[in-house]
Amino acid sequence: MTIQAVQTRGGISARAAVLAYVVVCGLVLLLMMVFGLLMRLTQAQWIDIQPDLFYVIMTMHGAGMVGIAGLCGATVMWYFVRRHVPVTTGIFVANLVFFLIGALLILGSGFIGGFGAAWTFLFPLPAHSGDLWSANAAAAYMFGLLFIGVGFLLLHLDIARGILSVYGGLGAALGVKQAFGLAPESEGPPPAVAASTMALIVNILGILLGAAVLVITLVNLYVPSFAFNALAAKNMIFFFGHVFINATIYMAVIAVYEILPVYTHRAWKTNQAFYLAWVLSTVFVLIVYPHHLLMDFAMPTWALVLGQVVSWLSGLPVLLVTAFGALTNVYRSGIKWNTAAGLVFVGAAGWAIGVIPAIADGTIEVNSFMHNTQWVPGHFHTYLLLGTIAMFLGFLTHITPRSNNAWAPTGFWLYVVGGSIFVLAFLTAGAASVPRRYAVHLPSWLPYDRVGSIGAALVVVGVLILVVRFLVSVTSAAPEEAGA
Amino acid sequence: MIQEVVWSISIVLMGILAALFIWVAVGADAALVNYGPVIASAYRLRTWLFGLAVIILIAANYDTIGKLPYVSSLPAMPAGAAIQPVEVVAEQWDWSIKPNAFHVGQTAEFRVTSKDVNHGFALYDPEMHIVAQVQAMPGYTNVLRYTFNEPGVFHVLCLEYCGVAHHQMNTEIKVTAQ
Ligand code: HEM
Ligand SMILES: [Cu+2]
Ligand SMILES: [Cu+2]
């Protein structure tokens, strides 16, 4: 359950690799959160950052957070899935190296090259900078994303290889037979395996389409006469973006399945509903992305209606299986709460609660009024900040019990209270028609920005405490007692 | 205003979910019970919740899919009703809107396109609330219909990130009483 478990199974290098991931995740998370806070403070007009720099920071925050959420998810997934299938530590480390190279390229594209086309690099904006960034800067960003994508591709393929060697097929590893009642529930794969299988299926497809549109963008940068259909590019980008960011949650949620039971002393029951939820989620994640294009009236109406209906359907597995499962697991279990258990529990709650505003915005009639307002960052920060990242921070605290000490609850409460204020400010501003991605806000919008800034500042302090506690406990502990 | 309704419903549902998690968390170490019976009654409850969710899902989707903003899905205009075509062209970082003055009761049909990158055509009423929007995409003309129902200065804001002056890309539409 602790780092020792990793150590005994794969030797020192696997343990070191996991720790390296967690250290990188913790530090990059903090840096990106500071970027986020700077944006909020600018919108609140409490500090003064010029629009060109604001949009660079926004691009870095978006790409950095999406990437690091993926890395957080990968850490959790790899840590737990290797208890069930053979995986290669070298590949795991390679992914981290690819990530770091990609991150450097992206940071360079922004802070040296001025690239600020947002993390979604919506075609053909990278080639139309208005002289703010060069083609080379944009290319550095595209190559950065490609590096990160290649790393993840390798990681997922390696896990796929391990899963196939044990389960023989992806369907078996996902529990498809159990999902449809064709095989006994008791013979189904453990949650970590089912979740890792789902993540690799969707992410491999997502990364391939993402890579294709990145290459198209690269060509267009240097050969402007190479025209590509903007709507097709948007479909590809949002397929990739939606899949990748959602996969982060589906990887990180393994922390809920694995860590909560340690503290409640109740096994996480996998049954038909559980497997059905994962099979359906695999399909839903792949076909729901048109809900990002609801205001593209040129899209076929059936695709947009599909986007809406599947958005609603996607909520069911989350709410009725994972959230419900977490509640049942904890209900009068006699659990003695600590920060690790609290954070993964909050992670399950944040994911479930974030589903509500997400479904609202996935409804075409509502999207006409909420699309690209701050409602959007409102809903996704709910299930990323209070979901994915809470799960990861729970994992981080769990594997280093020494960090689970006197200061940790302070970090926890700052995080949860600050995070709630922060997302509610976004949602309320969105309902008041405040656009997202605006460097400069109207005076009447400032109250939301200021409340949001205060929440954001609390989050940053909370995460600072949790991450510093982790770093101190890792560096001060002799290797053999790190898991004590 | 639909935004207020959606905000209220969302906050209430989010609050109920949060309360549920808090209630379970707070009561968790109070009185220990066996897991078996908890699971059994939880599964019964879940079956009911599933049924409820399906009903809500069908009702909500049935209701909202009847009100799509896409022109092909709109009810036919009453005979003799005039639709004012409006050419909208977006270009970093300006709007060209012709014509850009209307009167109350008039239905405008905005034909929205872009010369360079993606922009977002969002119509704000005089109180600065979004009343309609559509994407402005190069190579496409998206058609958005809106009937003005109050006089005053409407604003058009860009709602798709389009580069460094994205937040300055706005213009006005004047609507006079009939
Ligand atoms: C202290 C924590 C955080 C703060 C203060 C923060 C702040 C912000 C702000 C101010 C924006 C721009 C809002 C706007 O469009 O007006 C933003 C966008 C975004 N944030 Fe965060 N954020 C935080 C945490 C996170 C986390 C944990 C993630 C993901 C794991 C994340 C992912 C994103 C993404 C993907 C965007 C969209 C960027 C874009 O619009 O191009 N953020 N955030
Ligand atoms: Cu624009
Ligand atoms: Cu714009």
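The site of the copper ion (ligand 3) in this predicted model is tetrahedral, with angles of 91 to 120 degrees among its four donor atoms; four donors count as tetrahedral if all angles lie between 85 and 135 degrees. The ideal angle for four tetrahedral donors is 109.5 degrees. Protein donors (N, O and S atoms within 2.8 Å of the metal, or 3.2 Å for Na, K and Ca, with water not among the atoms, so that sites may look incomplete) are B:Cys158 (SG), B:Glu160 (O), B:Cys162 (SG) and B:His166 (ND1), at 2.0 to 2.3 Å from the copper ion (ligand 3). Their spacing in sequence is C-x1-E-x1-C-x3-H. B:Cys158 also coordinates the copper ion (ligand 2), which lies 2.7 Å from the copper ion (ligand 3). B:Cys158 is buried, with a relative accessible area of 0%, and B:Glu160 is likewise buried, at 5% (buried: under 20% relative accessible area, exposed: over 50%, partly exposed: in between; 1.4 Å probe, protein chains only).

Contacts, defined by heavy atoms within 4.5 Å, link 74 residues of chain B with 87 residues of chain A. Between them the chains bury about 7000 Å², of which 71% is on carbon and sulfur atoms; buried area is the accessible area (1.4 Å probe) that two parts lose on being put together, summed over both. B:Phe21, B:Tyr70 and B:Tyr161 supply 12% of the area that chain B buries against chain A, more than any other three residues.

In chain A, A:His61 (NE2) and A:His381 (NE2) coordinate the iron atom of ligand 1 at 2.0 Å. A:His61 lies in helix H3 (residues 51-81) and A:His381 in helix H15 (residues 375-399), so the pair ties together parts of chain A that are 320 residues apart in sequence; helices are DSSP runs (H or I, at least four residues), numbered from the N terminus. Both A:His61 and A:His381 are buried.

Residues are numbered from 1 along each chain as its sequence is written, while chains are lettered from A and ligands numbered from 1 in the order in which they are written. For this predicted model, local features need pLDDT of at least 70, side-chain atom pairs count only at pLDDT 80 or more, and totals for chains, interfaces and linings use all residues, whereas side-chain values use heavy atoms, with hydrogens and water left out.

Methods:
Helices (H or I, at least four residues) and strands (E, at least two) are DSSP runs, numbered from the N terminus. Four donors count as tetrahedral if all angles lie between 85 and 135 degrees; four count as square planar and six as octahedral if opposite donors are over 155 degrees apart and all others between 65 and 115; anything else is irregular.
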